[in-house]
Amino acid sequence: MIMTVTPTRISPDWPCQVKTPGSYDWERSAARWLRELVPARYASYPALIRHPVLLARHAQLQVQQEIRVARTALQTARAELPPLGMPESVIEHTIKLYAAEVRQLQHIARSVRAVSEALAGHRTGR
């Protein structure tokens, strides 16, 4: 009997650092990537180490908070940076930096969501 393996279809937002769901050691690669997204002190908590789904949930919360911070920084830069003595060129550069950071964080949030859904699906047998 020859068994064929159907490749798992993964999201275009799937992080390249995480192995394909169902492949050998993929959960470990997911947990390693997720630990990079949370503050170091959280990454060492036993419950988050033992339960990658919890780690994924915390990473989602962490990234959402970072998006809120970057958006606030972006929205307030024009008003708050001039009184700090920042030249217009620095302000413009900073605004571009924050805008790029928001886009990057949104991509990371989609990646975390994809990994989280795969981990939860794996746990429930889907």
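**Exercise 1.** Classify the exposure of Tyr42 from its relative accessibility, and describe its aromatic pair with Tyr45.

*Solution.* At 24% relative accessibility, Tyr42 is partly exposed, a class between buried (under 20%) and exposed (over 50%), computed with a 1.4 Å probe and protein chains only. Tyr45, with a relative accessible area of 38%, is also partly exposed. The model is predicted: local features need pLDDT of at least 70, side-chain atom pairs count only at pLDDT 80 or more, and totals for chains, interfaces and linings use all residues. Residues are numbered from 1 along each chain as its sequence is written, and side-chain values use heavy atoms, without hydrogens and water.

A pair of aromatic rings is described by the distance of the centres and the angle of the planes. Rings of Phe, Tyr and Trp (its six-membered ring) pair if their centres lie within 6.5 Å; planes under 30 degrees apart are stacked, over 60 edge-to-face, the rest tilted. A search of the whole structure finds two aromatic pairs. Trp14 and Trp26 form a tilted one, 6.3 Å centre to centre with 45 degrees between the planes. Tyr42 and Tyr45 form an edge-to-face pair, at 5.5 Å and 75 degrees.

**Exercise 2.** Which parts of the chain does the pair of Trp14 and Trp26 link?

*Solution.* Trp14 lies in the segment before helix H1 (26-35) and Trp26 in helix H1, twelve residues apart. Helices are DSSP runs (H or I, at least four residues), numbered from the N terminus. Both Trp14 and Trp26 are buried.

**Exercise 3.** Is Leu84 buried or exposed?

*Solution.* Leu84 has a relative accessible area of 61%, so Leu84 is exposed. Leu84 sits in the loop between helix H4 (52-80) and helix H5 (88-124).

Technical notes. Helix = DSSP H or I, 4+ residues; strand = E, 2+ residues; numbered from the N terminus.
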